[in-house]
Amino acid sequence: MLNETHKFDDCIDCKKCMSGCVMLHDFTTSPKTLLQNFKQNKPSSDISFSCATCNYCYSVCPSDISFKEVFKDAKIEHAKSDKILKSFGYKSVLFHQKHSFSKMFTAKTKFSIGEYKNMAFMPGCALSSYSPKLVHDIYSHLHFTMPGINILQQCCGQPTRIVGDINRFTQLYSKLSADINTMQIDTVITACENCYVSLKEFSPTINVVSLYDILAHVGIPKNKIGVYSTHKNVALHDPCPTRHENSLHVSVRKLLDKLGLNYEEFKNNREKTECCGSGGMLELTNPKLAIEQMNSRANQTSCDTIVSYCQSCAESMSRGGKNGVHILDLIFADNVIEGFSQKKNSVVKKWYNRYKSKKMIEKLC
Ligand code: SF4
Ligand code: SF4
């Protein structure tokens, strides 16, 4: 049984939560009945690990019910059993986390002079796996506009947290905290939306700023201003972890305007955005559902290209059948300007890219 704070009795069965959630459609025809069942019995591991933790349900619910919170508590309970965790792909999570926090794939470079020497840019796992050159170009631009800014390639531990293994997450996150302390930084600039929310929640004394807010403020490279004015319309997908960060939504739209790119909004956007299909480690815990959600989201627009500001979202939109692109590609990577599409990397190539990114960061010394 779960605790009382989940408002099990407040559901009016309007089904608004189901409209943007493939998972709820797959498991029920009545959220009210589902919630009543949860009053008596803990949600099964199958349904709990099928929740992408996107919180779309809460954003549209007239009764402020969050299935995300219900399933988050249930995942923590289920995660106490190694057997259950293993049946939801946890071996892959452990592999990912072990290497993400290893010396082989982490790096930090600290400068001792410059106005911004107390700040660090944190690209996040997905971006360094995608393109070390992009990480380099972003950092160069930041260093040019914000002298002395540092760089930290480290994971935020979100994969262990999201599947409910809180003990391991706490252990891993302490490594990130230790890095931040050693570097004596008080502000972290994140490119990844998961890093952004993790740092905000677990490092409350640190000032966490999104890269997109920073770029909207310091400006984009001059040679990219207006370069996409003749390109056909794209759609803009807002990532779900930062659905409540209004300033971030505004900044990203300002950046698209600076690029001269015409974009269309999804019907469900900003705080009501839907999951791209990669939330909650769904590709491991329920791969079939992940693909269903990717297809569902990608096909809610008639545009061929979908731009986002999360690398996982960009990849999900491509897997959903559209051309997923990161806004950072458009701002920094020369090759995308011609082809306007992302290079697809194998798993091995992604780890190699992370290693290259680490080496590049170490050379900055
Ligand atoms: S949106 Fe809220 S009130 Fe409506 S069915 Fe879903 S949980 Fe119930
Ligand atoms: S958090 Fe997202 S995936 Fe989970 S139930 Fe709510 S809308 Fe569905």
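Mentor: Let us start with Glu69, which has a relative accessibility of 28%. Keep in mind that this is a predicted model.

Trainee: Why is Glu69 called partly exposed?
Mentor: Buried means under 20% and exposed means over 50%. Glu69 has 28%, so it counts as partly exposed.

Trainee: What makes Glu69 and Lys72 a salt bridge?
Mentor: The cut-off is a side-chain nitrogen within 4 Å of a carboxyl oxygen. For Glu69 and Lys72 the N to O value is 3.1 Å, so the pair qualifies. They are three residues apart in helix α6, separated by about one helical turn.

Trainee: Is Lys358 buried or exposed, and how do you know?
Mentor: Lys358 is at 8% relative accessibility. Buried means under 20%, so Lys358 counts as buried. Its salt-bridge partner is Glu362, at 3.0 Å from N to O. Glu362, with 33%, is partly exposed. Both residues lie in helix α21, four residues apart.

Trainee: Why is it said that the pair of Lys39 and Asp9 ties together parts of the structure?
Mentor: Their closest N and O atoms are 2.9 Å apart, and the limit is 4 Å, so this is a salt bridge. Lys39 lies in helix α3 and Asp9 in the segment before α1, so the pair ties together parts that are 30 residues apart in sequence.

Trainee: How many salt bridges does a search of the whole structure find?
Mentor: The search finds 16. Asp238, Arg253 and Glu265 are linked in a network of salt bridges.

Terms used. Residues numbered from 1 in each chain as written. Chains lettered and ligands numbered in written order. Predicted model: local features only at pLDDT ≥ 70, side-chain atom pairs only at ≥ 80, totals over all residues. Heavy atoms only, no water. Helix = DSSP H or I, 4+ residues; strand = E, 2+ residues; numbered from the N terminus. Buried < 20%, exposed > 50% of the residue type's maximum accessible area, 1.4 Å probe, protein only.
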